[in-house]
Amino acid sequence: MVRKVMIAVIAVAAVLIVTVGVESAALGAPISLLVPQSTAFSVLGHSCGGIQEKVFATGFDATSGYPTGDAYLSTTCGGSGRGGGYHSTTYSAWVGTTWDFTGALVSYVVLSAAPTVDPTFSAFDQYGNEVYNQSNSAYLLLASGFVPAPRVTGVSPTTGPATGGTTVTITGTGFTAATSVSFGGTAAASFTMNGDTSITAVSPAAGAGTIDVTVSSAGGTSATSPSDQFTFVATPTVSGVSPNSGPVSGGALVTITGTNFIDVTAVNFGDTPAYGFTVNGDTSITATSPAAEATDTVDVTVVTVGGTSAITAADQFAYTSPVCGDGTISFPERCDDGPANGTASSCCTATCTFVSTGTPCTGGACVGAGTCVPSGSSTCGNGVVEPGEQCDDGPGNGQPGDCCTAACLFQAAGTACTEDGDLCTLDACDGAGTCIHPVAPAATCMTPQSQGASLIMRVVSGGDNQTQFKWGKGPAVGLGAFGDPSTSNLLRLCVYEETAADTYALAFAASPSVAGEGMWTASGTGWKFKSTTGTPEGITRMTLKAATVPLAAKVQVKAKGNLLFPVGLPLPTALGVVAQVKSSLGNCWGASFSTPTLVTTTEFKAKSD
């Protein structure tokens with residue numbers, strides 16, 4: 001080969017070789033330009049004994065300057081009497097490829113037809129870097145002293161507060177000689193090179209929005225791409241709460257107005273998390289006030305990735321004691337007709353509760369909702385709430401999930417109603433015609449024997465937090481109880497902190513997802529889930545093992561990454577912690593943890609009761 005003669009001349013005689021008028025200063029070892037087997041498999045969909053490839057360099061990309069080429073991929077399957085019936089099938093494809101200056105594949109495209117290739121092709125770029133073909137393989141030879149521009153292939157996490165301070169891991173190539181890291185043109189607060197493929201940087205303060213994270217070296221600045229994007233989230237603000245007061249027993253439905261209600265992780269009344277909340281939009285949240293120990297005025301704050309809203313006079317909420325008989329309905333009062341309470345002219349008792357339906361009142365009878373109406377003056381089922389009716393949902397009356405009976409009366413409090421789609425909440429009528437969804441563990445859940453389950457929650461420096469729940473030594477679990485989690489059955493790990501009697505806040509919630517690269521694998525005894533990234537909520541492992549005998553079934557979950565612990569650590573233990581894996585099929589595996597072995601600001605560790 002001409003290649004071998006040229007190298008020999010350089011090595012032995014130190015003679016300067018010039019090809020097509022460009023001086024070759026490339027003295028390093030050649031870099032093989034290949035298509036990774038995993039990428040090749042994604043192209044062919046088959047791999048029988050490996051995928052063979054023939055690679056041909058074609059030059060340098062005019063925009064990025066990276067080496068380009070074409071690769072022929074092939075694999076032959078079958079051919080044996082037992083497995084292939086003596087017949088074989090060859091799967092093949094041509095792909096156009098681009099590599100960076102480390103030989104890592106940057107991009108590829110499947111070609112519709114075979115390209116024209118030159119097995120002896122050789123070319124130099126303006127820096128003296130050379131690509132050449134030899135024996136159906138392509139090589140890159142870097143010029144002496146050449147420093148390639150860095151390339152960013154990923155950032156984690158991808159969001160952080162606009163105030164800065166987020167530790168971000170940047171992955172890519174060519175980082176060894178990095179001189180700076182920028183977030184949308186603003187220098188990182190600091191950065192540390194972990195190696196040629198990894199940098200840890202601290203985000204600077206910046207305006208809200210999505211920017212590109214770039215790395216610079218003597219070779220230039222990394223090109224921007226969707227893989228390097230990072231979003232700065234502005235700190236939320238609270239400009240008003242309505243109503244701005246409620247009973248110390250909690251339960252008031254409060255509308256919070258403000259700005260930047262994006263990716264909300266918590267709403268707090270003072271230091272206590274709201275019983276539950278719904279984000280109506282970037283400027284509005286509806287939250288249920290938690291109970292307070294005594295009358296007090298607290299600040300309502302909103303927590304997002306962007307931080308916690310600043311305390312102002314506009315966010316204040318006053319806890320008050322309800323006064324039955326003052327004519328104002330305050331939770332937990334159901335009614336309040338003032339001095340008329342308990343008289344024949346009122347359907348409200350002296351203790352501010354509704355009298356029983358049918359109780360005589362002036363001019364008619366009470367319907368149980370504090371209203372005195374003439375008998376026979378309404379048509380139940382026409383969708384209009386008329387005298388004598390507590391509610392009227394038309395054809396929906398009495399249907400499963402509706403909180404109005406076929407007789408146009410409120411369903412009893414606690415009656416199951418329409419699912420809100422969140423497995424970590426309950427779905428029950430409030431006794432006043434409304435379906436509510438408080439955060440709470442399932443009342444019925446398969447539990448193990450003492451210490452048959454364990455729970456670990458750990459805060460790790462750098463945001464790589466961990467959660468692990470293991471359930472075992474419980475009743476027998478049939479394989480059908482798991483359904484098919486790869487397609488239809490949703491599973492969710494819910495960890496609850498009991499903040500008051502029968503009142504809960506979510507300490508952690510996550511579901512496994514195949515939206516990224518996560519995958520479920522079925523076996524004869526159950527299912528296993530695996531994800532290297534845990535996208536999007538952090539679940540990296542889940543094991544579901546069925547057993548026909550007690551003490552043998554297992555349900556295990558592992559989560560890792562930039563996990564959010566809304567209530568933070570340490571978890572209080574006076575009332576206990578509950579962890580449950582809930583299924584959209586209605587099944588549940590859980591345990592209570594009231595005597596942890598470790599409780600700190602960075603870790604909770606316990607065996608089940």
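Author: Cys380 and Cys408 form a disulfide with their sulfur atoms 2.0 Å apart, where a disulfide is defined as a pair of cysteine sulfur atoms within 2.5 Å. The torsion about the S-S bond of Cys380 and Cys408 is about 95°, so this disulfide is right-handed. Both residues sit in the loop between β33 (372-373) and β34 (428-429), and the pair therefore ties together parts that are 28 residues apart in sequence. Strands, like helices, are DSSP runs numbered from the N terminus (helices: H or I, at least four residues; strands: E, at least two). Cys380 is partly exposed at 35% relative accessibility, whereas Cys408 is buried at 0%; buried means under 20% relative accessible area, exposed over 50%, and partly exposed in between (1.4 Å probe, protein chains only).

The model is predicted, so local features need pLDDT of at least 70 and side-chain atom pairs count only at pLDDT 80 or more, while totals for chains, interfaces and linings use all residues. Residues are numbered from 1 along each chain as its sequence is written, and side-chain values use heavy atoms, with hydrogens and water left out.

By the rule above, the structure has nine disulfides. Another of them joins Cys324 to Cys352, with an S to S distance of 2.0 Å. Its torsion of about 100° makes the link of Cys324 and Cys352 right-handed. Cys324 and Cys352 both lie in the loop between β30 (316-320) and β31 (360-361), so the pair ties together parts that are 28 residues apart in sequence. Cys324 is partly exposed, at 34%, and Cys352 is buried, at 0%.

A further disulfide is that of Cys335 and Cys348, whose sulfur atoms are 2.0 Å apart. The angle about its S-S bond is 90°, and the link is right-handed. Cys335 and Cys348 are both in the loop between β30 and β31, 13 residues apart. Cys335 is buried with a relative accessible area of 5%, and Cys348 is buried with 1%.

Turning to the rings, the structure holds 16 aromatic pairs. In the pair of Tyr66 and Phe101 the centres are 5.7 Å apart and the planes stand at 65°, so the pair is edge-to-face. This pair links distant parts of the chain, 35 residues apart: Tyr66 is in the loop between β4 (52-60) and β5 (67-78), and Phe101 is in the loop between β6 (88-99) and β7 (105-110). Rings of Phe, Tyr and Trp (its six-membered ring) pair if their centres lie within 6.5 Å; planes under 30 degrees apart count as stacked, over 60 as edge-to-face and the rest as tilted. Tyr66 is buried at 11%, as is Phe101 at 8%. Tyr66, Phe101, Tyr127 and Phe146 form one aromatic cluster.

Strand β11 (residues 151-156) gives the largest share of the lining, three residues.
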